[in-house]
Amino acid sequence: MALVNLKTLLDLAEEGGYAIPAFNVYNMETVMGVAQAAEELQAPVIFQVYSRLFDGPNAAFLSALIRHAAAQLSVPVAFHLDHGASQVQVTRALTYGCTGIMIDASMLPLEENIAATEAAVRICGHVGVPVEGELGHVGSVNDEKMAIFTDIEEAAIFCRKTGVAALAIMVGTAHGRYRQAPQLDLQRIAAIRQATGIPLVLHGGSGVPDEQIQGAITAGIRKINFGTDLCYAFLKRVLRTNQDVVAIDIFMHGPTEEVKAFAMEKIKLTGGRR
Ligand SMILES: [Zn+2]
């Protein structure tokens, strides 16, 4: 198998009634850990790269690693731009071979969010790349107040007007490490799913209790982002690794294994293993 587009993966998840885990990767070791987990469990995954990395040289290097990993795998995977915020990022992502694009204009008023997202859908459509939009801003765990949850009717309008292939919604999660477990609005997920008819995306999956992840999938979530905890898994092991080891490949063996173990746990949780 090789790289497939985001919609192809989401269709598989829809058929199978599961969610595709989307892992944020930053370097060769995180790519390798996620790839090994996908292969071992024979499960589709999404490699995603945060938008900031497209502002400098990182994403160009990283994309070559992801495309290489995808070519070696016997399961279908996608390469996704996470939280795309500018035309520069979107253009670079398409050039570097992304097969899914997220455009995040969720901080803008509804009409402006629709206009920005629709423009991205049009551009990406020229090269057959599906787009994930966001409606109802998923904030940070450090925000003073919990953001407003996604409105059901607005979600239906948003999807109809923009033509997105997937929609990220605000239903109680946040980015970062939770101080206390979040409480997801599962009924709202089901209602948005019913109103829009498209696969829904849960951001801030790190730290959400397992039973709520499973409830969210039952309600219609088809892509779940795991960013924060993958970073912690990698970095915790880096900090625990014997500092006398100077050969970087040997030093990185443990952190890579840690990422693989984390990804395997989330693949099992989200139900995509064959
Ligand atoms: Zn996010």
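## Barrel, pocket and zinc site

Helix α6 (residues 152-162) runs at about 150° to β5 (131-135) and lies across both β5 and β6 (166-169). Helices (H or I, at least four residues) and strands (E, at least two) are DSSP runs numbered from the N terminus; contact means heavy atoms within 4.5 Å. Axes are lines fitted to C-alpha atoms, for helices over the stretch in contact, with angles from 0 to 180 degrees between N-to-C directions.

The model is predicted: local features need pLDDT of at least 70 and side-chain atom pairs pLDDT 80 or more, while totals for chains, interfaces and linings use all residues. Residues are numbered from 1 along each chain as its sequence is written, and side-chain values use heavy atoms, without hydrogens and water.

Eight strands form a closed barrel in the order β1-β2-β3-β4-β5-β6-β7-β8, with parallel pairing (at least two DSSP bridges between two strands). Neighbouring strands of this sheet are turned by 25° against each other on average, direction ignored.

The zinc ion has three donors listed below (N, O and S atoms within 2.8 Å of the metal, or 3.2 Å for Na, K and Ca; water is not among the atoms, so sites may look incomplete).

| Donor residue | Atom | Distance |
|---|---|---|
| His 83 | NE2 | 2.0 Å |
| His 175 | NE2 | 2.0 Å |
| His 203 | ND1 | 2.0 Å |

Along the chain these donors follow the spacing H-x91-H-x27-H. His 83 in β3 and His 203, in the loop between β7 (200-202) and α8 (210-219), are 120 residues apart.

The largest pocket has a volume of about 380 Å³. A pocket is an open set of points on a 1 Å grid over the protein atoms alone, where a 1.4 Å probe fits, with protein on both sides within 12 Å along at least five of seven lines; lining residues have an atom within 4 Å of a point. The volume is the space filled by probe spheres set on the points, which are joined across faces, edges and corners. Of its 19 lining residues, Tyr 26, Tyr 50, His 175, Gly 227 and Thr 228 lie nearest the centre.
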